[in-house]
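Here's a quick walk through a protein model, one region at a time. Have the sequence and the coordinates open as you read.

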Amino acid sequence: MPLSPFWIWLIVAAILFVMELVLPTAFMEATVGLSALIVAFLSPLIPSFSVQIVLWIVLSVAVVFLLRRYQPKRVPPVLKETAEAETLTKIPAGGTGRVLYEGISWQARCGDPRLAIPEHQHVIIIGRQGTTLIVMPEDAIQS
């Protein structure tokens with residue numbers, strides 16, 4: 001006994017809702033599942049399964065755009081104030097080197113273009129320009 005389109009769309013919606021609970025996809029499966037649920041209840045009115053699929057795609061896109069404003073906004077990572085790092089390479093005066101900050105290697109330059117910072121030196125992060133950290137040696141700040 002074949003399943004009716006209503007039950008097919010209901011099963012698709014249930015699978016998508018369960019996937020949303022398991023996978024971290026920022027409500028994508030839930031919005032597509034909601035569209036499948038709507039198509040399930042409209043399927044008795046639309047006899048053509050291919051038209052139902054087109055309706056599901058159109059509804060999915062519409063629901064994603066309508067519910068997008070309710071998704072959490074991605075906030076760019078903010079550096080902690082007075083964060084500490086360690087130089088991996090020498091930072092020459094006026095040049096750039098590499099520092100280790102929170103387990104990640106970052107490009108860095110000294111806040112004072114006249115200072116050079118040797119490798120394996122503890123530094124304080126005083127700012128950021130794009131993906132380059134602006135650092136100062138600990139002893140230069142403490143004195």
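## A loop residue to start with

L115 is found in the loop between β3 and β4; strands here are DSSP runs of E with at least two residues, helices are runs of H or I with at least four residues, and both are numbered from the N terminus. This is a predicted model, so local features need pLDDT of at least 70 and side-chain atom pairs count only at pLDDT 80 or more, while totals for chains, interfaces and linings use all residues. Residues are numbered from 1 along each chain as its sequence is written, and side-chain values use heavy atoms, with hydrogens and water left out.

(Buried means under 20% relative accessible area, exposed means over 50%, and partly exposed is in between, with a 1.4 Å probe and protein chains only.) Leaving aside neighbours within four places in sequence, L115 is in contact with I91, P92, A93, G94, C110, M136, P137 and A140, where contact means heavy atoms within 4.5 Å. L115 and M136 sit 21 residues apart in sequence, and their C-alpha atoms are 8.8 Å apart in space.

## The overall layout

The protein chain has four helices and five strands, and along the sequence they come in the order α-α-α-β-β-β-β-β-α. Of its 143 residues, 29% count as buried. Among contacts with a separation of 6 or more, 47% are between residues 24 or more positions apart.

The protein chain exposes about 9600 Å², and carbon and sulfur atoms supply 68% of that. These areas come from the Shrake-Rupley method with a 1.4 Å probe; for residues, only the protein chains shown count as cover.

Which residues touch the most other members of the largest nonpolar core? In this set of 14 residues, they are I91, V99, Y101, I125, L133 and V135. β2 (96-101), β3 (104-110), β4 (122-129) and β5 (132-137) each supply at least two residues of this core. A second, separate core has six residues, including A13, A36, V39 and A40. (A nonpolar core is a set of buried Ala, Val, Leu, Ile, Met, Phe, Trp, Tyr and Cys residues joined through side-chain atoms within 4.5 Å.) In soluble globular proteins, nonpolar side chains tend to be buried together.

Back to I91: setting aside neighbours within four places in sequence, I91 is in contact with T96, G97, V99, A108, R109, C110, L115, A116, I117 and V135.

Helix α1 covers residues 5-22, and its 18 residues should span 26 Å at 1.5 Å a residue; the end C-alpha atoms are 26 Å apart, which agrees. The expected span is 1.5 Å times one less than the number of residues. W9, A13, L16 and E20 are the buried residues of α1. Seen down the helix axis, they fall within an arc of 65°, so they line one face of α1; the arc is that of the directions from the helix axis to the C-beta atoms. An α-helix has 3.6 residues a turn, so residues three or four places apart point the same way. On the other side of α1, L21 and V22 are exposed.

What covers the buried residues of α1? The cover includes α2 (28-42) and α3 (49-67). In α2, the buried residues are E29, A30, T31, V32, G33, S35, A36, V39 and A40, and they pack against α1 and α3. S43 lies in the loop between α2 and α3 and is buried, with a relative accessible area of 7%. Not counting residues up to four places away in sequence, S43 touches P5, F6, W9 and Q52.

How many salt bridges does a search of the whole structure find? It finds one, where the side chains of D112 and R114 meet at 3.1 Å, N to O. (A salt bridge is a side-chain nitrogen of Lys or Arg within 4 Å of a carboxyl oxygen of Asp or Glu.) D112 is buried, at 18% relative accessible area, whereas R114 is exposed, at 70% relative accessibility.

E102, in the loop between β2 and β3, has a positive phi of about 50° although it is not a glycine. H120, in the loop between β3 and β4, has a positive phi of about 60° and is not a glycine either. E102 counts as exposed at 52% relative accessibility, and H120 counts as exposed at 54%.
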